[in-house]
Amino acid sequence: MSNPTNSETGTDAVPAAETKKSASWLTPFFELNFIEMMERLAYNSVRVVAPIYIMQADNAGGLHLDAAAKGTLYAWWAVVQCFLPIVTGGFADRYGYKKMMTISVAMMSVGYLLMAFLRDVAALDAFAGTLGIDGVNGDYLGFLTGITVFATGSALFKPGIQGALSHTLPREKSSLGWGVFYWVVNIGALIGHYIPVAFLSGNFMADALGAANSPERWRLVFCVSAGMILLNFVPLLFFRDTPSGASKTLSPLRVLVNAVRDIFQPRLLTWILIMSGFWLMMFQLWDLQPNFLEDWVSSANVAATLGALPEGISQFLVEEHDGALRVPQAVLISCNAWFIILGVVGVSWLTRKMRTLSAMVIGMFMATVGVVVAGYTQNAWFFILGVVFFSLGEMCTGPKKSQYLSEIAPPDKKGVYLAYINIPVGVGIFAGAKMAGFIYGNVGEKATLALRWLAEKRGVEWRPFFDDVSALEAKLEITRNGAMSALQAETGLDAQAATRLLWETYSPNLNVWLPFAAIGVLSAIALIVFSHMAKKWKDMNA
């Protein structure tokens with residue numbers, strides 16, 4: 001992509017060629033890595049358990065919203081967090097990366113606190129009642145408010161830290177540097193997976209916080225994330241901002257116009273659309289798998305292995321549920337972060353001389369295999385095997401997408417172009433959340449399938465995808481929360497046997513995961529075509 005002229009960008013002078021960076025780049029590089037690690041630590045402490053908090057029918061202290069409501073909340077979260085950077089990326093270049101990161105840290109901490117305390121608020125319940133919208137209550141509005149504030153702060157954070165990192169890294173260190181950055185991201189993610197596991201466990205502060213998964217324990221999870229993100233004010237205080245090379249005289253409106261205009265370059269837009277399909281599939285590991293694991297997967301075999309650890313550790317990694325031992329879903333999903341920490345620097349080194357587009361194609365196919373394997377059986381060891389493939393695919397694709405945009409971006413638009421990374425993520429989360437809510441809420445969720453089984457036995461008509469679950473609840477006079485208990489009472493089966501009955505009858509593994517895998521395959525094929533065409537385009541061939 002050729003560099004724009006002065007008249008196009010409004011810069012004060014012709015952008016200078018990228019200057020050589022000396023060894024002084026190491027200090028700001030590691031400062032930025034620490035800031036990102038703390039942000040990811042706080043974020044993953046919430047995100048990994050948010051699907052359970054929002055909709056899991058049998059979680060004592062959750063909000064107990066349905067799959068459709070969760071899909072809408074996640075879609076809105078994606079819109080704000082991933083599309084707003086189109087604007088804030090230009091502002092980060094214009095006003096400074098440090099300033100944007102500082103504002104964002106304050107906003108994200110407020111967002112976490114709103115998530116913690118805007119539940120069971122009578123005024124919100126009353127207001128929701130005046131709206132008269134199905135599925136919308138005070139808890140829904142409170143969580144929506146919290147994620148809106150948080151996501152706005154996150155939209156300021158990403159272009160700031162990625163733009164600063166892009167200007168800090170020497171070009172010859174780009175592949176390895178982005179790999180190290182991705183490695184640090186996953187250290188934060190890994191730690192973040194275990195923090196809510198400990199706080200939600202009945203073995204932690206039992207006298208003060210009550211039973212496992214109590215509302216008080218959930219509130220603590222959000223408050224701890226708010227505290228962790230605030231720690232970033234310390235390194236930001238000492239961070240010396242990196243000049244972007246962008247004009248410091250452009251008006252906010254002109255910054256917005258330039259940022260939005262650049263998206264509509266046909267070849268860049270094509271790449272964004274292809275990557276959107278891939279991230280639609282990818283995010284289901286983090287956004288849908290928690291509920292799938294909670295509903296369907298038996299982890300007693302993994303629990304037996306972890307039970308051999310010292311009691312001080314195993315008491316937080318193994319829990320009892322429905323009369324059987326299991327591993328919390330956050331611990332199982334943390335395998336993704338473990339594998340990336342162990343392998344991403346090595347994979348980045350192995351692919352350092354490979355075309356970024358070629359590496360991403362390989363990653364897409366591997367991640368697609370991982371999604372299918374992870375969701376195909378009720379055996380937790382097979383889930384972990386799937387995560388191995390998924391993580392290898394992510395290691396080939398995640399750092400490379402940032403490297404690709406960094407390398408094709410004009411020098412004075414690093415923040416803008418790196419903000420575009422958020423667009424395929426946003427489209428993927430938005431479309432994936434709505435798709436997952438629709439599919440899982442009709443043919444995947446255990447509580448819904450329990451209601452469906454009871455309806456079929458009692459001669460009550462209900463059509464998945466055409467009739468609302470709330471209508472089924474009304475016809476049977478059984479709520480989603482009580483569906484499994486009603487099924488067990490009807491059949492005389494225990495919880496594990498009732499779950500197997502539903503699995504064998506309705507095949508949620510195939511109905512839920514094959515549509516997402518198909519999207520992954522189509523995205524990989526489209527990127528192969530794009531990669532071949534990019535060899536003819538000097539400005540897009542990286």
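How many helices and strands are there in the chain?

## Overall architecture

The chain contains 28 helices and two strands, these being DSSP runs (H or I of at least four residues for helices, E of at least two for strands) numbered from the N terminus. The model is predicted, so that local features need pLDDT of at least 70 and side-chain atom pairs count only at pLDDT 80 or more, while totals for chains, interfaces and linings use all residues. Residues are numbered from 1 along each chain as its sequence is written, and side-chain values use heavy atoms, with hydrogens and water left out.

## Burial and contacts

Of the 542 residues in the chain, 57% are buried, meaning under 20% relative accessible area (1.4 Å probe, protein chains only).

Among contacts (heavy atoms within 4.5 Å) with a separation of 6 or more, 80% are between residues 24 or more positions apart.

## Nonpolar cores

A nonpolar core is a set of buried Ala, Val, Leu, Ile, Met, Phe, Trp, Tyr and Cys residues joined through side-chain atoms within 4.5 Å. The largest has 151 residues, of which Tyr112, Phe143, Trp271, Phe383, Leu502 and Leu527 touch the most other members. Leaving aside residues up to four places away in sequence, Leu502 touches residues including Trp296, Leu449, Trp453, Met484 and Pro508. A second, separate core has six residues, among them Ile340, Val344, Val347 and Met395.

## The largest cavity

Six cavities of 30 Å³ or more are present. A cavity here is a set of points on a 1 Å grid over the protein atoms alone where a 1.4 Å probe fits but cannot get out, and its lining residues have an atom within 4 Å of a point. The volume is the space filled by probe spheres set on the points, which are joined across faces, edges and corners.

The largest cavity holds about 710 Å³. Its lining numbers 36 residues, with Arg40, Lys158, Tyr182, Val185 and Phe283 the closest to the centre. Helix H9 (174–200) is one of the elements that give two or more residues, and H9 supplies the largest share, seven residues. By class, this lining has 19 nonpolar, 10 polar and seven charged residues; Ala, Val, Leu, Ile, Met, Phe, Trp, Tyr, Cys and Pro count as nonpolar, Asp, Glu, Lys and Arg as charged, and the others as polar.

## The second largest cavity

About 220 Å³ lies in the second largest cavity. Among its 18 lining residues, Val49, Leu200, Asn213, Glu319 and Pro328 lie nearest the centre. H9 again gives the most to the lining, here with three residues.

Terms used:
Buried < 20%, exposed > 50% of the residue type's maximum accessible area, 1.4 Å probe, protein only. 1 Å grid on protein atoms, 1.4 Å probe; cavity = no way out; pocket = protein on both sides within 12 Å on 5 of 7 lines; lining within 4 Å.
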